[in-house]
Amino acid sequence: MEYFPLLELPEDLQAMVVERVARNSFQDLYRLRASSRSMKALAEMRRVYHYFDVLSFPWGLIMPSQLLKTCYAENNPSTIYVKGVQFFYSYDEQDYGLSLLKRAADAGYERAVYTHAMTQAIFYGDAQYYRRIPRATVDRVGKLVRDAKWGWGLWHTDEFRQIKAMFTSTYVPSFYLCHCANVVDRQCLCLWHIDVTKDDNMCERCFWIKEISLFFCDFEPISLFRDTSKW
């Protein structure tokens, strides 16, 4: 197998490679870091911490708190996102939490783009941020967001549950009444079966009703076990 002569590249290009590796995988970064002294030096530059995706690290494992603080200090979008979700959904500090979610979304962090759009639609009735999510990526990114099980038994706020109940009684029936796509017969026309009820030809309105329903069903607040207020 022929290896790419990475160390023969100019140092600025080597640094760019290290940054891209940091964005994709902790494991690959540490392998690269161990490959040579020059790679180790590049991997330890503070600006590299901007590119980590801390949610690619198994959340059940203990990530050093100083690493998270350093990432946040370097404007790392994934740590800004985590802090935004915790402040909005766990601490009920909505203005600050939403500003952090928007900041991470504006940086292009796709989990933040999705969660910010869902949050704006659910709490503020503002659907304009849907346009920032390519429809072809909604299913993949939505699953990434909802599959992060960091709740540790925390409940959503009363406001979240009240909006969920209103949405379920008002919008979910209209999803089943709309004949925009091939409908699979279900005995229970409810929130929990909505993702397997229609095929991909559904109209735009039903598409986003389905997506918000999935968010209501599966999204969890961030555990207080990770106190981002200390970052």
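How close do the axes of helix H7 and H8 come, and at what angle do they cross?

Author: This is a predicted model, in which local features need pLDDT of at least 70 and side-chain atom pairs count only at pLDDT 80 or more, while totals for chains, interfaces and linings use all residues. Residues are numbered from 1 along each chain as its sequence is written, and side-chain values use heavy atoms, with hydrogens and water left out.

Two packed helices are described by the angle between their axes and the distance between the axes. The axes of H7 (residues 110-124) and H8 come within 9 Å and cross at roughly 90°. Axes here are lines fitted to C-alpha atoms, for helices over the stretch in contact, with angles from 0 to 180 degrees between N-to-C directions. Helices are DSSP runs (H or I, at least four residues), numbered from the N terminus.

On the H7 side, the contact (heavy atoms within 4.5 Å) is made by Glu110, Arg111, Tyr114 and Thr115. H8 brings Val138, Arg140, Val141, Gly142, Leu144, Val145 and Arg146. These residues divide into five nonpolar, two polar and four charged. Ala, Val, Leu, Ile, Met, Phe, Trp, Tyr, Cys and Pro count as nonpolar, Asp, Glu, Lys and Arg as charged, and the others, Gly among them, as polar.

His156 counts as buried, at 13% relative accessibility (buried means under 20% relative accessible area, with a 1.4 Å probe and protein chains only).

Definitions and conventions: Buried means under 20% relative accessible area, exposed over 50%, partly exposed in between (1.4 Å probe, protein chains only). Helices (H or I, at least four residues) and strands (E, at least two) are DSSP runs, numbered from the N terminus.
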